[in-house]
Amino acid sequence: MDLNFTPEEEAFRQEVRDFFAENLPDDIRDAVRRGGELTKEIMERYHAILNKKGWLGTTWPKEYGGPGWGPVERHIFDEESCAAYAPRIVPFGLGMLGPVLQKFGTQEQKDYYLPRILNGDDWWCQGYSEPGAGSDLASLKTRAVRDGDEWVINGQKTWTTLGQHADWIFCLCRTDPDVKQQEGISFILVDMSTPGVEVRPIKLIEGGHEVNEVFFTDVRVPYGNLVGEENKGWTIAKYLLTHERTGIAGVGFSMLELEEVKELAKKVIRNGKPLAEDPLFAARVAQAEIDLEAMKLTNLRMLFTAQKNGAPGPETSILKIKGTVINQELKDLGRRALGPNAAPFPGSLAGTNLDVAPDGHANNAARYFNNRKTSIFGGSNEIQRNILTKTMLGL
Amino acid sequence: MNFDLTEDRQMLQDSLRRYLADKYTVEHRNKVAYEDPFHDDAKWTELTELGALFALAPEEAGGMGGAGFDISVVFEELGRVICPEPVLGALMASRLMTAAGADQEELLSGATKYAVGLGELDAPYDMSGLTTTAKGGKLTGRKSIVYGGQAADVFLIAAKDGDSLNVYEVKAADASVTGYALMDGAGAAEVVLDDAPATLLIEGAEAAIEDAVNAGIVALCSEAVGAMDVLHKMTVDYLGQRKQFGRPIGTFQVLQHRAVDMLTEIEQSRSIVIKAAAELGGPNASRYCSMAKNLIGRAGRLVAEEAIQMHGGIAMTWEYPGSHYAKRIIMIDAQLGDTDYHLARVAQAA
C-alpha cells in the first residue's frame, strides 16, 4: 500500500500546474469561475492553447499527436486543470470520435479527421440519443439506407450537446431493421452543412442553451463516412462506454466545489454569524467532504487497477454513480448556503451594484439545476446500476 | 501509488483467513460469543500463535508490524468471521504501552489479556468528562462497557490526577469486574474501582490516548469492512437463490439496484479506511480516522438494514448467520465514537 505519487508523477504535476499558471488567460479562468455557459470562442481558444503544448488529445497515443499519457498522468492533468479553473475539454471530437477512429477507422479516415480534430478545424457533436431511445439506446430508429455510394439518412437525434456549434456529427443509425436491435446499427459521420440537417435548440431547466435536437430529412452523405463495419456500430458504442472512464468521478471539480462552498459559508451571515459556524450546515458540508475524501481514494484505487490491467474495470460505474451524487450534493449546498439570495434569475442584477450573492455565486441556483443532468447523461445512474448488477453481482 | 498488499501482509491475510474460515465457523462463533466467557480461550491462544498480535505492534516494541495497514489486515479478517476474541483491547493497550515504552511481551504473546478502560457512563467517547480519579496511586471510579473486560487479566485505565489525564495499569484482581455478553456477541465488563491499587503508566496521556483510539478506529472500521463484505455477498447469494413469483428475487431490478448501492458504499468504506490507515500515527490521523468512522457508521447502517430487508424474514432469525453480522456492523458504530460524534469533529476542524 502506497498512496503517494512517484517523484516523476509529482514533477509532472508541477509541470502541469506551471503550465496553467503561465498559459491560461485570465478571462477564461474568470468565465469558468463564474459558472454557466462558455462561448465557442473561449473553448476553441482553450483547445488551441493545449494543442500548442501537445496536451489536447489527453487520451491519444503519440502516433496520433497525443501526449501518450497513462491513466495516472491523465488523472493528474484533470486535477490540475480543475484546480486552475480551466474549462473542461469538449469531449466529442477529442475524447470520443478520436479514440473511435483510432481503433475502428480506415487509414484515410484517421489521416483526414484526426489532425482536424486537434487543430480545431472541425467541431464534433454526438448523435446517439433519440426521443424514443434514451437509456434503451439500441432501440434507436434514425434510418440510414444505402443508395449507390451514398447513405440516405432520415430521423431525429436529441440531447445533442453543443450541436449549435458543430460542423460534424457522428451518428448511430439503423442500417438493418430486420435483425436483433444491436446487430443492425452503424456508426456514420455526417457533415452538418449537408442539406436536410436541421438543428433546433432545447432550452434547459435553468434557461441555458447547451443541448439541441437534430433532424435528418433525406440527408445524403458518402458511403465512405461509415466507421468500422456496416451493422457493427453497437460495438463502437460499447467501446466508447468503457473507454477512459477513470475521469468520470469528477473528483477535481468536486474538490473545487467543496472549497467554494466553504469559502461561501464564511461570507454568508445567518443569525448574526457566518454560516460556517452553524453546526447543522457545517455538518452537511463535513459529510460531503468525507464522502468526497473516500471518493478520491476510490478513484485512485480504480486508476491503479486500470494502470495495472491496461483498462478500467466495470467497477468504474461506481465512480459515475457516487461521483455525480457527491457533486450534486455540493451544488445543492452552494445553492442552499445563499438561501433566498440564490433566487434571482442569472444576470438579473448584473450591472446594478445590487448583487445579493457574493462574487462568483450569482449562478449557484442555475448550476444546481443544470447539474441534475449528470446523473442522467452518459448512461444514467440506473443504467450504471444495471451494469454493476451484471458485472459485479452476477445477478 | 500501489494498492496491493505487501507480500508479508498478503501472507498474514492468507494465514488468518484460512485459520478463521476453518476454526471460527459461524456456528462455533455463535456458541462461544454469547456464553461466558464470551470468547474461546483455546482459539485465542491459536490466534496469537499465528502472530495476530505481533502484527499489531512495531518492532521497537517487540512486534512485527504496527502500521495502519497491519492493523487493517488483521481486523478485516476478524470482521469476516465476526470474531469475538478480545483483540481490540490488545491493540489499544499495545499502543499505550508503546507510547510508555513499557515491555509488552506478555501482551503480544497473548499470555496476558489486556482491556482498555477509557469511556465512562456519562462520557463514553470524550475524555474531557472523565470522573475516575487517582489519589496516592489508587484509583476510584467506574469504567463502563469495557470491551473484552470480562476476559482481561490487566486493565489500562484513564483517570485524572488533579488536572493531569493519566493512564494506569490495574490488575483485574484489584478491581470489581462484572462481565457480560453484548448484543452482538463477545463480552464486556463494568469495572468498578474503589481505591484500587494502580501503577502509573503514562502521565499527561492525551496524545497517547488519542493515538490508541485512532488505532482502535482503524481496527473497528476494518472489521466493519470485512463484515460488510461478507454480509453483502450473503445477500447477493440469497437474491440469486430465493424464488418468489416463479423467479429468483435477484431478477427484480428494485433489489438489484439496492444491492449495487450497498456495494458502492462498501467500496467507499474500503477507500476511507485505506486513507485512515495510511495516516495513522501522523499529524492528520485524528481527522481521517473521524472521517472513516463517520462514513463507516453510515455505510454500516445501510448495509446491515438493507441486508435484513432484502433477505426478508430469514434474516430476522437467530439461526441465520447474516443476522449476527448485521448486529455486529450496527453496534460497531457505538464503539470509540459514533457517526454524529465524528461528524461533529470533522465539522469543527474545517
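Reply: Of the contacts in chain A with a separation of 6 or more, 71% join residues 24 or more positions apart. Two residues are in contact if their C-beta atoms, placed from the backbone, lie within 7 Å. This is a predicted model: local features need pLDDT of at least 70, side-chain atom pairs count only at pLDDT 80 or more, and totals for chains, interfaces and linings use all residues. Residues are numbered from 1 along each chain as its sequence is written, while chains are lettered from A and ligands numbered from 1 in the order in which they are written.

Now the part where the chains meet. Here 34 residues of chain A are in contact with 30 residues of chain B. On the chain B side, helices 7 (206-241), 8 (253-279), 9 (285-311) and 11 (339-349) each supply at least two residues. Helices are DSSP runs of H or I, at least four residues, numbered from the N terminus. Helix 8 of chain B gives the most, with 13 residues. By type, the side of chain B that touches chain A has 19 nonpolar, nine polar and two charged residues. Ala, Val, Leu, Ile, Met, Phe, Trp, Tyr, Cys and Pro count as nonpolar, Asp, Glu, Lys and Arg as charged, and the others, Gly among them, as polar.

Back to chain A as a whole. Of its 395 residues, 42% count as buried, that is, with 20 or more other C-beta atoms within 10 Å of their own C-beta, placed from the backbone. The C-alpha atoms of chain A fill a box of roughly 75 × 50 × 50 Å along the principal axes.

Note on methods
Buried ≥ 20, exposed ≤ 12 C-beta atoms within 10 Å, placed from the backbone.
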